[in-house]
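Subject: Structure handover

Hi there,

Here is the structure I promised to pass on to you. Have a look at it first, and then read on for my notes on what turned up.

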Amino acid sequence: MGSVLRRTGLIGLLVVLVFAACAPGGAPAPGPQAPTEGPPVKIGVLTPLSPPGDAAAGQLIVRGATLGAEYVNSVLGGVLGPKCNAPTSKVEVLTADDAGTPEKGVAGFRKLVAEDKVVAVVGQFHSSVTLALAPVADQLQVPLFSTQSSDTKITANHYAFVFQTHTITADRAAAVAQFIKEYGFKKVAIVAENTDYGAGNTDAFKAELGRVAPTVEVRGWVFDRQTADLTPLLLQVKDFGPDLIYNLGVGAPAYLIVKQANDVGLLPQTPMVISYDVPIRPEFWQNLGPMGKGIIFVAYYHPKQPLTDAGKWMQQQYEAKYREPALYSSFAAFGNVIIVAQAINQACSTKGPDIAKALETGRFKSWNLDSAGFPKAEGADWHRVKQPLLLLQYTAVNQPFDQATILFPPEMKTGTLQR
Amino acid sequence: MGQLPQVVVAGLMMGALYALMAVGITFIYSLMKMINWGMGEFYMLGSYAQLVLITLLLGPSLWFLGVPLAMVGVFLLGLAIQKGLLAPMFGPEAERRDEYATIVTIALSVLIQNLVTILAGPYQWSPPEYLPLVTIGGISVNGSRLAAAAGALVILGAFYFLVRRTWLGLAFLGAAQNRVGAEVAGVDVRRLDGLAFGIGVALAAAAGALLAPVFLVYPTNGAVSTIKGFEIIVIGGLGSLTGSVVAAFLLGLVESFGSVFISPAYQDLYGFVFLIAMLFLRPQGLFGERERRV
């Protein structure tokens with residue numbers, strides 16, 4: 001009997017202690033208790049995860065966005081919370097596949113917003129898809145981030161809910177045109193796929209080159225993105241006799257142009273610039289082997305560039321998790337997610353218009369910038385953070401990305417062009 | 001005009017590879033009277049099989065062993081698919097055979113494509129080149145492409161031998177001409193259906209395996225070759241193996257010439273223009289026969 005009483009007394013004491021520990025300051029809470037954790041705040045990642053989109057880029061974007069959510073939850077302590085007089089919520093990322101096609105992108109965006117109730121969507125990679133989504137984002141009033149799509153119209157059209165964190169076509173055209181002028185190329189062949197990316201970059205590049213180096217002869221060839229045999233086209237390019245080839249293919253076409261230019265004898269004699277950072281991917285050397293030596297490419301990140309503390313956190317976590325160095329696509333998506341989280345905290349709201357307003361007026365920490373903003377600026381600078389852009393060259397077979405020579409911009413040069 | 005020899009060589013080489021796809025489609029159609037809409041996925045499986053075989057098991061120097069092994073693997077898969085999914089449409093209770101075949105093969109292609117994307121990832125891969133660049137009469141030719149074209153001709157030759165010079169081949173031809181007649185003569189046409197489907201998809205796999213280092217390996221690499229295959233069988237005449245081979249070479253040349261002498265931007269359009277012209281001039285195709293109905 002005594003032991004039963006003792007046990008009951010102990011249980012009673014434990015119950016009292018638990019209640020005391022739960023009550024703030026040991027005092028009883030006034031009225032009904034507010035929940036300490038709110039429902040998760042969902043951020044959509046709409047990106048190409050299957051062909052014909054560049055699904056490899058999509059995978060990297062998903063990895064970065066997932067780490068972004070982990071950073072927000074573990075380092076920033078979630079979103080909202082006492083400062084907003086609301087329970088703290090964790091951030092959750094929901095993935096959808098746009099397959100690099102506008103129709104699948106629009107369907108995916110509507111599903112993320114209507115069914116999954118995401119507060120913002122990041123992960124856009126193909127310009128054609130982003131341009132199709134932009135009016136839908138405005139209609140549904142949900143912020144959309146262009147993580148790695150670059151068409152100038154994405155920002156130049158001044159969509160109220162579209163935000164750009166990637167280099168735009170005009171920046172790329174300016175950098176490549178300057179590079180051509182600086183290294184004295186005289187005859188440039190553009191080989192572009194028939195997409196918004198290919199067409200937009202061709203037009204912008206021709207216009208920019210005409211401005212900075214009007215004596216350079218330039219000619220463009222367009223191919224269907226589904227075409228695998230580019231030999232006849234490249235024979236025409238060979239007939240033109242260029243001293244530089246500008247490769248405006250994305251995904252498989254970017255590789256096919258290199259391989260088949262080698263077949264018809266254009267490479268390795270004629271230098272080739274690849275318009276984006278596909279050569280930094282692990283499969284580049286396996287696919288091209290010695291053909292990859294001498295390739296020049298546009299990159300948006302270099303392992304030796306300075307990072308914010310968030311960027312350093314991401315770099316470490318990524319290497320620990322995936323056993324390979326983080327690449328730009330992952331950094332960019334990571335940056336988008338943490339910017340959305342900061343905007344939610346600044347707005348103290350998860351409503352699209354409030355987040356968009358916070359993005360326009362606030363300053364945010366990203367992976368490489370301590371104070372990024374999306375002001376309502378003029379022209380193509382509307383809602384965009386300017387990113388540095390580099391031109392690198394591989395000078396040896398199987399060369400690691402961080403050892404590629406930086407050819408452009410001049411202030412970052414680590415060597416000269418090897419022909 | 002200096003490009004002419006290179007254009008002809010490129011066109012003929014592509015023709016040899018198109019022929020493998022088209023003959024595979026025609027062979028299945030001739031016997032089973034159905035179109036396999038998932039042919040491109042068997043091409044894709046062949047390319048993945050070759051990638052795995054020569055990068056992980058055989059090594060690049062034994063690439064030529066990878067092709068028959070990939071074909072055998074896909075042949076066995078084809079047999080299983082035919083037995084499990086397509087054979088029921090020949091049962092006595094089966095109705096609307098064409099619709100059944102269309103739905104099953106399209107669903108199969110979506111399933112295979114998605115399974116491969118999940119298992120192998122969406123990345124583009126390339127096995128090592130089969131041969132280095134070859135120079136023939138001053139024309140530089142990609143060694144892998146040359147090896148692929150030669151391999152395609154060898155496989156087409158073996159297929160011709162099988163069909164024209166063996167008992168099994170004669171049974172195939174008999175069943176293709178008159179299914180009931182062949183059955184009355186004691187031929188097990190159900191068994192032939194399975195073999196025909198297996199051989200047809202193995203031919204597509206051969207094209208995929210041979211072209212793996214040329215056109216890369218990724219989950220949707222078979223889509224374009226399927227479209228070309230269907231263009232060819234209509235141009236050559238539905239059900240005609242000879243027509244498929246001839247039309248394949250013609251299509252290769254038309255695309256190659258059109259790209260160089262008109263514009264490379266419309267390379268895939270020339271085949272359709274050729275197809276439409278053929279439908280106007282000779283609706284039954286080059287080697288097809290006009291259908292007579294009483």
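Let me begin with a cysteine: A:Cys348 is partly exposed, with a relative accessible area of 34%. Please keep in mind throughout that this is a predicted model.

The partner of A:Cys348 is A:Cys84, and the two form a disulfide with their sulfur atoms 2.1 Å apart. A:Cys84 counts as buried, since its relative accessibility is 13%, below the 20% cut-off for that class. The link between A:Cys84 and A:Cys348 is left-handed, with -75 degrees about the S-S bond. What does the pair tie together? A:Cys84 sits in the loop between β2 (79–80) and β3 (88–89) of chain A, and A:Cys348 in the loop between α12 (328–347) and α13 (352–361) of chain A, so the bond joins parts that are 264 residues apart in sequence. Over all chains, the structure holds 1 disulfide.

Now for chain A as a whole. Chain A has 13 helices and 14 strands, and its C-alpha atoms fill a box of roughly 100 × 45 × 40 Å along the principal axes. Of its 419 residues, 58% are buried. If you take the contacts in chain A between residues at least 6 apart in sequence, 68% of them join residues at least 24 apart.

A:Arg281 lies in the loop between β11 (272–274) and α10 (283–288) of chain A. Is this arginine, A:Arg281, buried or exposed? With a relative accessibility of 4%, A:Arg281 counts as buried. Apart from neighbours within four places in sequence, A:Arg281 is in contact with A:Asp54, A:Ala56, A:Ala57, A:Leu60, A:Phe125, A:Tyr276 and A:Leu327.

On to chain B, where I looked at several helices. B:Ser30 belongs to helix α1 (residues 4–32) of chain B and counts as buried, at 10% relative accessibility. Beyond its neighbours within four places in sequence, B:Ser30 is in contact with B:Ala176 and B:Gly239. If you want a distance to check, B:Ser30 and B:Lys83 are 18 Å apart in space, C-alpha to C-alpha, and 53 residues apart in sequence.

Helix α2 (residues 39–57) of chain B comes next. Its 19 residues should span 27 Å at 1.5 Å a residue, and the end C-alpha atoms are 26 Å apart, which agrees. In α2(B), 14 of the 19 residues are buried, so the helix is largely enclosed by the rest of the structure. B:Gly59 follows α2(B), and the phi of B:Gly59 is positive, near 90 degrees.

Last, there is a helix pair in chain B. Helix α5 (residues 143–165) and helix α6 (residues 167–177) of chain B pack at an angle of about 75 degrees, with their axes 5 Å apart. The two helices, α5(B) and α6(B), are therefore roughly perpendicular to each other, as angles of 65 to 115 degrees count as such. Which residues of α5(B) and α6(B) meet? From α5(B) they are B:Leu162, B:Val163, B:Arg164 and B:Arg165, and from α6(B) they are B:Trp167, B:Leu168, B:Gly169, B:Leu170 and B:Leu173. The residues of this contact between α5(B) and α6(B) divide into 6 nonpolar, 1 polar and 2 charged.

That is everything from my side for now. Happy browsing!

Best wishes

Technical notes. Residues numbered from 1 in each chain as written. Chains lettered and ligands numbered in written order. Predicted model: local features only at pLDDT ≥ 70, side-chain atom pairs only at ≥ 80, totals over all residues. Heavy atoms only, no water. Helix = DSSP H or I, 4+ residues; strand = E, 2+ residues; numbered from the N terminus. Expected span 1.5 Å × (residues − 1). Buried < 20%, exposed > 50% of the residue type's maximum accessible area, 1.4 Å probe, protein only. Axes fitted to C-alpha atoms, helices over the stretch in contact; angles between N-to-C directions. Parallel < 35°, antiparallel > 145°, perpendicular 65-115°, else oblique. Contact = heavy atoms within 4.5 Å. Nonpolar A, V, L, I, M, F, W, Y, C, P; charged D, E, K, R; others polar. Disulfide = S-S within 2.5 Å.
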